[in-house]
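The sequence and structure come first.

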Amino acid sequence: MHPATVMQNFHSFRYLRGLASLLVLFALGSCTGVGPLPCHHRHTGHNALVGQPTEQLMRDANHYYQKLRYSKSSNTISKYNETCEALLLQDSCRDKNLTSLPPEIGTWLESKTNGYITPSYFDAIFPATQVFTEKFYEDHYRKGGVGVPLVGWKKNGKGKPNPPDFMAPSGRAFNLTAILSFENGKPLWKLYQAKHTESVTIGQTSHTLSGDFTAADAIFWDRSILKKNILEGLILPDRIFGETGLYMDAPYDPTKIPVLCVHGLKSSPDAFMFMVNDLRQDQLIRQHYQFVYFYYPTGAPWMYTAATFRDKVRELENYARAMGGIDNFNQMVILSHSMGGLISRASTCVSPKPFYDAVYDREIHQLRGSQRNRNLVKRLLYYETLKAPKRIVFMATPHKGSSLADWRVVNLFSRLIQLPTELSYSVINAALDTGANFVEGNIDNFNIPTSLDQLSPNNRMILAVPKLEFPLTMKIHSIIGARKGNPKSDGVVEYWSSHLPPRQTESELIINSDHSVPFKKEAIQEVNRILHLHLREAGKN
C-alpha cells in the first residue's frame, strides 16, 4: 500500500476509534472535595473553647505562653494549643482565610528569616482540623508539640502543566504550624513549615513543633490533576499528552535526595499517595528526601513514554544545578510500580542496544531515511541513559510482560486506545522511511502498538527487557505481590515475570497482595527500610 494511502486510512480509523472511546468515557463523573468547607459546614476539631470571648482567649494564650518560656509541661502545651486554635477557628469562620488576621488577635510576622514563612505567599491558609482527610486516608498522622497545624494553599499562577519549578497545574499545599508569641506584650503570629522545622524556642526552652502531615497531602491530591483522568489517560492519551511531566508537591530542595515515583498502567501518581503519607511520618525521611511524581498517559507505548521520562529528568537535573548543585540529585531513588518499572529500567540501563537490535539488523549510521526520522530512532532505541538514579525499587513490575496482555478482550480494548496524533504520524513516518518495522504486524494494517500491546510476553520490546543490564553503581530491590497467598501471581503479573535473578538484586520481598502493591503496609515498611539503607550508604546517618 502506498504511504499516502496508509496515512489517509489511519486518519479515518483514528476518528472512528475516538468516537468509540468517548462512549467508554461518558460515565466518568466528578468527586466532592475534602475542604475547606463553607463556614456553616465546618467542624472545629472538638475545640470546646470556640465561641468564648476573644479578649479572654488572648489573656489565656498569653498566660500559657509565658509558662512555656520555662516549662515543657504537656498540660500547658495542650491548653496553649487549644486556646490558639480557638482564636484561629473563630477568625476562619468569618468567611475569610487566615492570610490576614483581625487586629484583636494580633498580626502575622511577615518574614522569611529564622525558619519563618511569610503568610502573604499563600492564596489561602486554614486550620488543618477543617480538612476531612477520611476521603483519602485511613491513617491521619500528626506530630505532637507546640503550635496550631494549618494548611497553606498556593495556586499555580499560570495554571499550565510543566512549569519551570515543577509545580502541579492546580498548585501546592503546605504543612504549616502557627505559633502565637507575646514578646514585649505584643501578640505576634509566626508561621513555620512543619516539614522543615522540627523545634522552636520559646524564651529559654526548646519545644518540638507540632505538625499535621496528612491534611496538606489530602488537599493537594483533592485539587490535583495528578489523580484524575486515569481511564482517559489510557483510552485517549492524546488528551493529556501535553501534561506529561515531573511534578512536586513542595518546592525543590537541593539539600534533599529526590525520590521519583513512576506509576503504572491505568493509574496515576496517586498510586503512591498512601505510601508517601506513611513515609513522611519518619523524621529522617522528611529531612533527607523529597518526592517527585511522573505523570503520563498510560495508553501510549511505554517505550515512547520512557523517552519523555528521560527528557523530564534531565530538565529536573538542570533545575537542580541552578538551585544549588546536584550532589543530592545524583543520589536519586526511583519507586516504580508495574509498567512504571519498565519505563524506569529502560531509562537507567547500561545500554539500550537490545531494543535497537530487536528492530534493526544494521548499525545506526547505516540507516536510510531523513535526519528527523533517524533522530526519532535514536531517541527511542539508541539513547543515552540516566546516570543520576542510584537505587530502584520495582513493585509488581512485568519485566517479561503479562500474559493478560494476550487475552482477546484486552486486545479488543487495546484497539480503542487513540494514540496522540504527533506520536502516531511520527512512528509511521519513521517506519516507512527507515525501513524498520516499528509497527506490529503488517504496515498496511497501520496498527501502532499501544502500551497494552507492548506488555505482551511476545512483544519484541518486552523480549529485549531481560537483556538490559543494570549499572554496577545502582542497587535494585523487588517487592512482589502474591494474591491470596499464591506466590505464582498477583493477579496481573506472574512471578516468573516480576522476579529478577538474585545476582541482580539487593533484596526481594514477596507480600500478600494483589497488583496494588504500593498501597500495602508491608510494601511501605519495606520502602522505609530501603530509604534508611540508602541514607546510611550515602553517608547521611
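## Basis and overall make-up

Helices (H or I, at least four residues) and strands (E, at least two) are DSSP runs, numbered from the N terminus. On that basis the chain has 16 helices and 16 strands. The model is predicted: local features need pLDDT of at least 70, side-chain atom pairs count only at pLDDT 80 or more, and totals for chains, interfaces and linings use all residues. Residues are numbered from 1 along each chain as its sequence is written, and side-chain values use heavy atoms, with hydrogens and water left out.

Of the 541 residues in the chain, 56% are buried; buried means under 20% relative accessible area, exposed over 50%, and partly exposed in between (1.4 Å probe, protein chains only). A contact means heavy atoms within 4.5 Å. Among contacts in the chain with a separation of 6 or more, 79% are between residues 24 or more positions apart.

## Confidence

The predictor's confidence in each residue is its pLDDT, from 0 to 100. The chain averages 81, and 77% of the residues score at least 70. The pLDDT is below 50 over residues 37-44, a stretch with 13 contacts in the model beyond near neighbours in sequence. Residues 438-446 also have a pLDDT below 50, and that stretch has 25 contacts beyond near neighbours in sequence. Where pLDDT is low, the predicted coordinates should not be read in detail.

Two strands pair if DSSP finds at least two bridges between them. An open sheet of five strands, with mixed pairing, has the order S1-S6-S5-S4-S2. Strand S1 (107-108) and strand S2 (124-127) each have a single partner strand, so one side of each is left without a neighbour in the sheet. Strand S5 (residues 171-181) runs antiparallel to strand S6 (residues 188-193), and six bridges join them. In this pair, leucine 180 stands opposite tryptophan 189 in S6.

Helix H4 (residues 215-223) lies across S2, S4 and S5, at about 150° to S5. For such angles, axes are lines fitted to C-alpha atoms, for helices over the stretch in contact, and angles run from 0 to 180 degrees between N-to-C directions.

## The S7-S8 hairpin

Strand S7 (residues 199-202) and strand S8 (residues 205-208) pair in the antiparallel sense over four bridges, with serine 199 opposite threonine 208 in S8. Two residues lie between the strands of this hairpin, and glycine 203 in the turn has a positive phi of about 65°. The covered face of S7 has Val200 and Ile202, while Ser199 and Thr201 are on the uncovered one.

## The seven-stranded sheet

A further open sheet has seven strands in the order S10-S12-S11-S13-S14-S15-S16, again with mixed pairing. Its edge strands, S10 (245-248) and S16 (507-511), each pair on one side only. From one strand to the next the twist averages 20°. Strand S15 (residues 475-481) and S16 run parallel and are joined by five bridges; isoleucine 479 stands opposite leucine 509 in S16.

Helix H9 (residues 339-348) lies across strand S11 (257-262), strand S13 (333-337) and strand S14 (391-395), and runs at about 140° to S13.

A nonpolar core is a set of buried Ala, Val, Leu, Ile, Met, Phe, Trp, Tyr and Cys residues joined through side-chain atoms within 4.5 Å. The largest has 52 residues, of which Trp302, Phe309, Val313, Phe329, Phe355 and Leu381 touch the most other members. Helix H8 (residues 302-323) gives the most to this core, with nine residues. A second, separate core of 48 residues includes Trp153, Ile225, Met273 and Val527.

In helix H11 (residues 371-381), the residues Asn373, Leu376, Val377, Leu380 and Leu381 are buried. Seen down the axis of H11, its buried residues fall within an arc of 100° (taken from the directions from the helix axis to the C-beta atoms), so they line one face of the helix.

## Two buried residues

Glycine 147 lies in the loop between strand S3 (142-143) and strand S4 (148-155) and is buried, with a relative accessible area of 3%. Leaving aside neighbours within four places in sequence, glycine 147 contacts Tyr80, Asn81, Thr177, Ala178, Ile179 and Ser210.

Asparagine 277, in helix H6 (residues 273-279), counts as buried because its relative accessibility is 1%. Not counting residues up to four places away in sequence, asparagine 277 touches Tyr137, Asp139, Tyr141, Phe213, Thr214 and Asp217.
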